[in-house]
Amino acid sequence: MTDQPTPARPVRVVLVDDHRMFRSGVRAELAAVDPAIEVVGEAEDAQQAVSVITATRPDVVLLDVHLPGGGGRAVLQELVTELPDVKFLALSVSDAPEDVIAVVRGGARGYVTKSITGPELAAAVRRVADGDAVFSPRLAGFVLDAFAATTDVAEVDEDLDRLSQREREVLRLIARGYTYKEVGKALFISVKTVETHVSAVLRKLQLSNRHELTRWATARRLV
Amino acid sequence: MSATPDTARQATAPAPPRLYRSSDGRVLAGVARGLADHLGVDVLVVRLAFVLLAAAGGAGVATYGLFWVFAPQNPYEAEAPRDRERDLTMLLALGSLTVGGLLLLSALGMGLRPSLAIPLVAVGVGVSILWRQADDDARARWRAATGTHRFGGAARAGVGVALVVVGAGAILGPANLDGTAGGLMAALVVAAGLTLVSSPWWVRMARDLAAERSARIREQERAEVAAHVHDSVLHTLTLIQRHVDDPREVTRLARAQERELRGWLYRPAPDATQHLAAALERVAAEVEDAHGVAIEVVVVGDCALDDRLTALRDAAREALVNAAKYAAGAAVSVYAEVEPDTVTVFVRDRGPGFDPDTVPEDRLGLRQSVRGRMARNGGTATVRSSPGDGTEVQLEMPRQTRSAP
């Protein structure tokens, strides 16, 4: 992706993953793609992550979902309210919907799988640092699935429990593998507007108290 | 998956040391030695404390007994070879413990006639021998190979039981020779004594059984994981090493393995002959395998496969093969959405793309095979492509729900 803001603002990043090989791989790729992204700390379990993040106050934390000591969710629980300026981007090999939904509802600004390429990851980090949300095709698919329009209208009484037509269109294109830039082009809107829509969806996903969301995630495991 | 974090945690933060009875350097049951190890003080101090407590109303004896029952034997300690001298010391310790207890009782004003004291000593020694026996049983597994001690153990247990019975009988005997009530009482006392005496043995046996069962379950699970890893991951890694010069083959192998492992870890095998989502995943997996291209599948909603949707699946497969061929190794993604009235599938590649006006002959043919198949079943296929932007095939099929045949 080449649609970065022109003067690269430095972004401070902490890597949380229990595999050292993976951490060094991400570190090297980020350095190669975007030298302004600086890795200021690493942690290999939830406890260590909390202390490293508290000590370094990074802009973005790349957080593995499966971690010794309670997983990424434990880190989020401990820090999200305490350090509102730190943004979390979940990174995992797991495709399991309940993992994805759990970290996003726990406060992560997005979710990408570990198969993501270096440039895409760097772009995602920048996007999260700017306060936007990052959805992988899979996460977009999960959200569309969870907010399926099949529910009775009477049951859906809050705005939070619905996606707007535009948001649905944006998510659909992301699920189809479009980059934000391509989504903008296809819908004749700017990248910034795409980001606004995605952030709105993230907010709904985090705040919606419709219990179908959890029920859906649990049921999926059994299907 | 949880094995790694667990071991890591153990390595960094050792659990608080448990209290074990030590079999190494013990005199009686290893309680004093174990406590000394646990508290980090000299064993002599602990033993002195026990003696003093015993003098203070017999509390030491009771405490010792409780520790004996409830503190497990240290499982990480190899059994020290026993010799006759140690056995003799132990017997001495047992004797003095019993005599001490009796003396205490008499000193406390509950003086016993010798006719009662001697049977009591017999009971005490019997109980002690039996409790010792329980320890030996726990250790018998290590010694099972030699088998030499089995007879000795049984003999000792017999002697213990006999002593208890005789002792209890002797206590009750002279006092209640006559009357059925007395006889019943005697029988009850003997039974109670036997139960009491054997209880630590039962406790230990239950504990050992539970430990053994959980160990066996762990072992079975480990064996299953090991077998799976061996059959799949190790095998694939070997293949990958052999194909280091062929990146395409390496990708194919790695992707196939990843898919397989993911399925094994996260979800039970879905039925690819019944449902659309599973069918599309299966088709994508087959194309991935055949062409060495990574294909990401996202499906929203799911429904049962019918004739039309089977045609849709086949068309999607053609589109995928096409994309895999022309995408030149770039990523391919499939997105399918099941709506109440229609099912839509998008197959997108990030290959070089082409100008729809100057379509290569073979490509046109494929396009028509996709299109023809869709049209025959009442659906539509649209192809969008431009040089440098990749290609996207859109397949749309109305659902049969309303007009069931």
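This is a predicted model: local features need pLDDT of at least 70, side-chain atom pairs count only at pLDDT 80 or more; totals for chains, interfaces and linings use all residues.
**Entry 1: strand 4 of chain B**

I began with B:Ala381 and looked for the residue across from it. B:Ala381 stands opposite B:Leu395, a residue in strand 5 of chain B. Next I looked up B:Ser385, and its opposite residue in strand 5 of chain B is B:Thr391. How many bridges join strand 4 of chain B to strand 5 of chain B? I found six, and the two strands run antiparallel. Strand 5 of chain B covers residues 391-398.

I then checked the hairpin made by strand 4 and strand 5 of chain B. Five residues lie between the strands. Among them I looked at B:Gly388, which takes a positive phi near 90°.

**Entry 2: the other partner of strand 5**

I turned to strand 3 of chain B, residues 342-349. It pairs with strand 5 of chain B over eight bridges, in the antiparallel sense. I looked up B:Val345 and found that its bridge partner in strand 5 of chain B is B:Leu395.

**Entry 3: the whole sheet of chain B**

In what order do the five strands of chain B lie? I read the order as 1-2-3-5-4, in an open sheet with mixed pairing. Strand 1 (295-300) and strand 4 (380-385) of chain B stand at the edges. Each has a single partner strand, so one side of each has no neighbour in the sheet. From one strand to the next, the twist averages 10°.

I also looked for what lies across this sheet. Helix 6 of chain A, residues 137-146, lies across strand 1 and strand 2 (332-338) of chain B. The helix runs at about 10° to strand 1 of chain B.

**Entry 4: the sheet of chain A**

I moved to chain A and found six strands in an open sheet. Their order is 2-1-3-4-5-6, and the pairing is parallel. Which strands stand at the edges? Strand 2 (37-43) and strand 6 (134-135) of chain A do. One side of each is left without a neighbour in the sheet, because each has a single partner strand.

I picked one pair to check. Strand 4 (residues 87-92) and strand 5 (residues 110-113) of chain A pair in the parallel sense over three bridges. Within this pair, A:Ala90 stands opposite A:Tyr111.

Helix 1 of chain A, residues 20-33, packs on the sheet. It touches strand 1 (11-16), strand 2 and strand 3 (60-64) of chain A. Its direction makes about 170° with that of strand 2 of chain A. Helix 3 of chain A, residues 71-79, lies across strand 1, strand 3 and strand 4 of chain A. I noted its angle to strand 3 of chain A as about 145°.

**Entry 5: the cores**

How many residues does the largest nonpolar core have? I found 102. Those with the most contacts inside it include A:Leu89, A:Val125 and B:Leu320. Helix 11 of chain B, residues 307-326, gives the largest share, nine residues.

A second, separate core has six residues, among them B:Ala29 and B:Leu35.

**Entry 6: chain B in total**

Chain B has twelve helices and five strands. Of its 405 residues, 25% are buried.

Technical notes. Residues are numbered from 1 along each chain as its sequence is written. Chains are lettered from A and ligands numbered from 1 in the order in which they are written. A nonpolar core is a set of buried Ala, Val, Leu, Ile, Met, Phe, Trp, Tyr and Cys residues joined through C-beta atoms within 7 Å. A residue is buried if 20 or more other C-beta atoms lie within 10 Å of its own, exposed if 12 or fewer, and partly exposed in between; C-beta atoms are placed from the backbone. Helices (H or I, at least four residues) and strands (E, at least two) are DSSP runs, numbered from the N terminus. Two strands pair if DSSP finds at least two bridges between them. Axes are lines fitted to C-alpha atoms, for helices over the stretch in contact, and angles run from 0 to 180 degrees between N-to-C directions. Two residues are in contact if their C-beta atoms, placed from the backbone, lie within 7 Å.
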